[in-house]
Amino acid sequence: MKKYLIYIFFLFFIITGRAQANNVPIAGRTWTYANATLLLSRSVGWLVMPGFRYEFSRNLAGKSIDTKDLYFYEFFTGPIYFTGIGKLKVILPFFYYYMGFPMKAQDKYVYGHNLEFSPTFVYKSGNIIIYNRIIFHNTFFSSFYDEVLNNKDWQKGYSLLLRWKLMIQYIVNPKLILEIAEEPFYGLIEDKDMPPVTGPGFSEKGFDMNRMYIGFIYKITKEIALEANYVYEISYKEDAISGRKEHSQIGHYIFITFKSTFKLF
């Protein structure tokens, strides 16, 4: 199995190394979460997770251009239900998700309110863990339309973005786990009453983004762990003239999550 994992990691670097474009911005970013899960019982927990993203470099056709600097705040909170079907572990989180966007170019701050349901299925065989998560990202409010487009009537609406993350983990020892994952994004429902602006606004229908992850989890103590990933992100946007989805941006992330679990029963 170790041999197959080496092949997978090698393929990852081939794909991310070849999938470059000279006509779209390429950004270097950090992405940080602090994840605290409170276990209320064997089957119920509550998650609190703030986070932020910072852009430290941006270039176009090999030339540096202005960065976004601190451009995104996040906050998740909500219940998690744990259950199982035979050897399959089932995790059912339902979160409120706040998204805040300091927009440097416009000197504005916009925010959105969202709900996320993300059924997750985990299967372990020996030292291998297969992790399958589907996120239904529901947006129902965005101040972007009032603050930037000057139309308050467009703030309330509805869009649905689907994210599917498939991850393979390898347990090296009780403290260290290696992982590799892919996560495509696809807009399922687009609100027809306002222009879609995936991210700060309501999601655009169709293929939106793909992320590839490679990294590790290190368990510092039984309750605290550090997860670190390199993330390669390709974004797409609908071209106003052709109507086709076009390659719009590449992002390179250093993604760090500080994880903590507290048993309260």
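A residue is called exposed when its relative accessible area is over 50%. In this predicted model, Asn150 reaches 66%, so it counts as exposed. Asn150 sits in the loop between α2 (144–147) and β9 (156–173), and its phi is positive, about 60 degrees, although it isn't a glycine.

Ala61 also has a positive phi, near 55 degrees. You'll find Ala61 in the loop between β2 (44–60) and β3 (63–64), and with a relative accessible area of 55% it is exposed. As background, most residues other than glycine have a negative phi.

## Aromatic pairs

There are 17 aromatic pairs here. Take Trp31 and Phe255: their ring centres lie 3.9 Å apart with the planes at 15 degrees, so the pair is stacked. It ties together distant parts of the chain, with Trp31 in strand β1 (residues 26–39) and Phe255 in strand β13 (residues 245–263), 224 residues apart. Trp31 is buried at 2% relative accessible area, and Phe255 is buried too, at 9%.

Phe117 and Phe136 are stacked as well, with centres 6.4 Å apart and planes at 15 degrees. Phe117 belongs to strand β6 (residues 108–117) and Phe136 to strand β8 (residues 128–142), 19 residues apart. Phe117 is partly exposed at 33%, as is Phe136 at 29%.

## A cluster with charges over its rings

Trp31 and Phe255 turn up again in one aromatic cluster, along with Tyr33, Phe76, Phe95, Tyr97, Tyr213 and Tyr253. The charged end of Arg53 sits over the Trp31 ring, 4.1 Å from its centre. Over the ring of Tyr213 you get the charged end of Lys165, 4.0 Å from the ring centre.

How values were computed: Residues are numbered from 1 along each chain as its sequence is written. This is a predicted model: local features need pLDDT of at least 70, side-chain atom pairs count only at pLDDT 80 or more; totals for chains, interfaces and linings use all residues. Side-chain values use heavy atoms; hydrogens and water are left out. Helices (H or I, at least four residues) and strands (E, at least two) are DSSP runs, numbered from the N terminus. Buried means under 20% relative accessible area, exposed over 50%, partly exposed in between (1.4 Å probe, protein chains only). Rings of Phe, Tyr and Trp (its six-membered ring) pair if their centres lie within 6.5 Å; planes under 30 degrees apart count as stacked, over 60 as edge-to-face and the rest as tilted. A charge sits over a ring if NZ of Lys or CZ of Arg is within 6 Å of the ring centre and within 35 degrees of the ring normal.
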